[in-house]
Structure formats: structure tokens, C-alpha cells
Amino acid sequence: MRKILFVLFMVLGTSTVYAQGLTQFQALYIYNFAKNIGWPEIDNSKDLVVTIISNTALSGELKKLSQTRKIGNRTVIVKDAATLADVAKSDIIYLDASKAGQIGQLVNSQKGNRVLIVSDKGGHCANGAGISFVTEGEKLKYEISKANIEKCGLDVSSQLLQLGKSVD
């Protein structure tokens with residue numbers, strides 16, 4: 001049942017991105033990305049930390065979601081960062097399009113860490129991001145790199161791979 005709801009959300013939810021607000025959809029996508037990533041067992045007893053770089057509207061939406069939802073048994077903690085230097089240990093790091101030129105620096109700074117890097121700019125999977133948002137017309141979609149996600153010591157569900165555009 002959860003799989004059906006996930007597919008329904010991802011398919012139907014994309015058709016009215018602008019009517020509902022791009023930021024709300026991105027927050028829901030990030031939440032669903034977190035649910036469909038295989039986190040190491042040793043992490044399952046810790047909070048899931050999501051750091052949002054340079055997008056307070058998105059972090060606000062994620063904070064609202066985190067008040068009522070968990071990822072498995074993990075509490076979601078949302079942190080804001082104005083710069084890469086402000087990023088602390090995180091499970092997911094979102095890089096806003098306004099900082100797109102810093103994707104290489106972000107990826108390099110996170111080598112050896114189990115972290116999912118999500119970018120707000122299409123094409124960033126080629127630069128090391130695990131997932132990159134893209135908009136096509138009025139639809140929010142995402143590119144996904146299984147290889148980049150696995151390099152970070154994470155697993156990705158086949159469902160998440162099928163719904164995104166694989167760029168490996």
C-alpha cells in the first residue's frame with residue numbers, strides 16, 4: 001500500500017507543481033527520498049539530519065513536515081546553512097540553485113561521509129550529486145545517480161530509481 005501511495009504521489013503530484021507551490025513539493029520529495037534510501041543500520045537509532053543550504057522557505061516546509069512525520073523510527077532534524085562552511089554532519093544536504101557553482105566543493109567536502117546530496121539544479125549528478133531536481137514545463141522531476149549514492153555508502157530503492165531519470 002505504501003508503494004502505491006508513493007507512486008501515486010510522485011506521478012500525480014508533479015502535475016500541479018506551480019498551483020501548490022514548488023517549495024512544498026520539493027519538501028515532500030526530499031522527505032520521500034529519505035524514506036527510500038537505505039541508511040546503514042548503525043544510523044537507524046540516530047536522528048536524521050537534513051541541512052538546507054540557502055533556502056529558508058524549503059527548510060521551513062521541511063520543519064513543518066518533521067513535526068508530524070518520521071523516517072522509520074528516526075526523528076528528522078532540519079538545519080539551515082548559509083554557506084558550505086556552515087554545514088555540519090548531515091544525512092541529507094540540499095544545495096540551492098543560488099549556490100550551484102559550489103557543487104564540486106560540496107561533493108569534495110563530503111567524501112567519505114554517508115550523505116545524500118540533493119541539488120536544485122539539473123545536471124548536478126554529473127558533478128557528484130545523488131539527486132538533482134529539474135522542472136519540465138510545470139512538472140517537478142528529478143535526475144538520480146545510483147552510482148553517486150552508492151559511493152556514499154547508501155542504498156537506493158528500485159522504486160526511487162524508476163520514478164526518476166537515471167543518469168548513470
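**Note on the fold, core and selected residues**

1. Helix H3 first. Buried in H3 are Phe 25, Gln 26, Ala 27, Tyr 29, Ile 30, Tyr 31, Asn 32, Phe 33 and Ala 34. Buried means under 20% relative accessible area, exposed means over 50%, and partly exposed lies in between (1.4 Å probe, protein chains only). Helices (H or I, at least four residues) and strands (E, at least two) are DSSP runs numbered from the N terminus. H3 has 14 residues, and its first and last C-alpha atoms are 20 Å apart, close to the 20 Å expected at 1.5 Å a residue. That expected span is 1.5 Å times one less than the number of residues.

2. Basis of the note. The model is predicted: local features need pLDDT of at least 70, side-chain atom pairs count only at pLDDT 80 or more, and totals for chains, interfaces and linings use all residues. Residues are numbered from 1 along each chain as its sequence is written, and side-chain values use heavy atoms, with hydrogens and water left out.

3. Overall make-up. The chain has seven helices and ten strands. Of its 168 residues, 48% count as buried. Take contacts (heavy atoms within 4.5 Å) between residues at least 6 apart in sequence: 58% of them join residues at least 24 apart. The accessible surface of the chain is about 8,400 Å², and 51% of it belongs to carbon and sulfur atoms. Areas come from the Shrake-Rupley method with a 1.4 Å probe; for residues, only the protein chains shown count as cover.

4. The largest core. A nonpolar core is a set of buried Ala, Val, Leu, Ile, Met, Phe, Trp, Tyr and Cys residues joined through side-chain atoms within 4.5 Å. The largest one holds 33 residues; Ile 30, Phe 33, Leu 62, Ile 92, Leu 116, Ile 131 and Phe 133 touch the most other members. Helix H3 (residues 22–35) gives the largest share of this core, seven residues. Apart from it lies another core of twelve residues, including Leu 84, Leu 95, Ile 117 and Ala 129.

5. Leu 62. What does Leu 62 contact, leaving aside neighbours within four places in sequence? The list is Ala 27, Ile 30, Val 50, Ile 52 and Val 78.

6. The sheet. Eight strands form an open sheet with mixed pairing, in the order E3-E4-E2-E5-E6-E7-E8-E10. The edge strands, E3 (70–71) and E10 (165–166), each pair on one side only. Two strands pair if DSSP finds at least two bridges between them. Helix H4 (residues 56–66) packs on the sheet and touches E2, E4 (74–81) and E5. The direction of H4 makes about 165° with that of E4. Axes are lines fitted to C-alpha atoms, for helices over the stretch in contact, and angles run from 0 to 180 degrees between N-to-C directions.

7. E2 (residues 48–53) and E5 (residues 92–95) run parallel, joined by four bridges. Val 50 stands opposite Ile 92, and Ile 52 has Tyr 94 as its bridge partner. E5 and E6 also run parallel with four bridges. Here Ile 93 partners Ile 117, and Leu 95 stands opposite Ser 119.

8. Ser 119. This E6 residue counts as buried, at 1% relative accessibility. Beyond four places in sequence, Ser 119 is in contact with Leu 95, His 124, Ala 129, Ile 131, Ser 132 and Phe 133.

9. Ser 54. Check the backbone here. Phi of Ser 54 is near 65°, a positive value in a residue other than glycine. Most residues other than glycine have a negative phi. Ser 54 sits in the loop between E2 and H4 and is partly exposed, with a relative accessible area of 26%.

10. Is Asn 148 buried or exposed? Asn 148 is buried, with a relative accessible area of 10%. It lies in helix H6 (residues 146–151). Not counting residues up to four places away, Asn 148 touches Cys 125, Gly 128, Ala 129 and Gly 130. Ala 57, in helix H4, is partly exposed at 46% relative accessibility. The C-alpha atoms of Ala 57 and Ala 27 are separated by 9.6 Å, with the two residues 30 apart along the chain.
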